[in-house]
Amino acid sequence: QVQLVESGGGLVQVGGSLRLSCTASGRTFSRYAMGWFRQAPGKEREFVAAIAISGISTNYAASVKGRFTVSRDNTKNAVYLQMNSLKPEDTADYYCAADRTIDPSYIAYYAHDYGYWGQGTQVTVSS
């Protein structure tokens with residue numbers, strides 16, 4: 001099992017940046033593909049970004065591509081989401097998630113693929 005804790009959320013103005021972090025417990029972090037999702041008030045949870053175990057393969061939602069960057073440091077059991085050029089529509093609770101896999105290139109795109117979730121961190125972008 002793995003436990004995930006997100007941090008780094010907060011209030012930021014339009015055009016600003018935030019860096020979210022997700023730290024995992026345990027010594028098997030390098031066995032998990034990781035993802036970021038978000039959920040805005042009154043909306044369903046949506047995919048934001050994902051990264052394979054290797055850290056080489058990544059994928060992004062069209063709405064954040066070019067503005068957000070996902071990365072991971074397996075030595076620190078951490079995954080990050082650098083968010084630049086933030087927009088009001090990026091306001092949401094952001095969650096990291098883990099999907100155990102043996103494939104270092106595997107990326108999971110759907111929420112139901114992920115077996116472990118953090119509690120979330122709130123991001124508010126003010127105009």
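**Core, loops and disulfide**

Leaving aside its neighbours within four places in sequence, methionine 83 is in contact (heavy atoms within 4.5 Å) with Gly16, Ser17, Leu18, Leu20, Arg67, Phe68, Tyr94 and Val123. This is a predicted model, in which local features need pLDDT of at least 70 and side-chain atom pairs count only at pLDDT 80 or more, while totals for chains, interfaces and linings use all residues. Residues are numbered from 1 along each chain as its sequence is written, and side-chain values use heavy atoms, with hydrogens and water left out.

Met83 also belongs to the largest nonpolar core, which has 38 residues and in which Met34, Trp36, Leu81, Met83 and Tyr94 touch the most other members. Such a core is a set of buried Ala, Val, Leu, Ile, Met, Phe, Trp, Tyr and Cys residues joined through side-chain atoms within 4.5 Å. The elements that give two or more residues to this core are strands E3 (18–24), E4 (32–39), E5 (46–51), E7 (68–73), E8 (78–83), E9 (92–100) and E11 (121–126); strands (E, at least two residues) are DSSP runs, numbered from the N terminus.

Turning to the loops, isoleucine 53 is found between E5 and strand E6 (58–60). With a relative accessible area of 10%, isoleucine 53 is buried, a term that means under 20% relative accessible area, computed with a 1.4 Å probe on protein chains only. Not counting residues up to four places away in sequence, isoleucine 53 touches Ser30, Arg31, Tyr32, Ala33, Arg72, Asn74, Thr101, Asp103, Pro104 and Tyr106.

One of these partners, threonine 101, is found in the loop between E9 and strand E10 (116–117) and is buried, with a relative accessible area of 14%. Beyond four places in sequence, threonine 101 is in contact with Arg31, Ala33, Ile53 and Tyr106, and a polar atom of its side chain lies 3.0 Å from the backbone nitrogen of aspartate 103.

Because cysteine 22 lies in strand E3 and cysteine 96 in strand E9, the pair ties together parts that are 74 residues apart in sequence. The torsion about the S-S bond is about 45°, so the disulfide is right-handed. Cysteine 22 counts as buried at 0% relative accessibility, and cysteine 96 is buried with a relative accessible area of 0%.

Notes. Buried < 20%, exposed > 50% of the residue type's maximum accessible area, 1.4 Å probe, protein only. Helix = DSSP H or I, 4+ residues; strand = E, 2+ residues; numbered from the N terminus. Polar contact = N/O pair within 3.5 Å; in protein donor to acceptor, adjacent residues only side chain to side chain. Disulfide = S-S within 2.5 Å.
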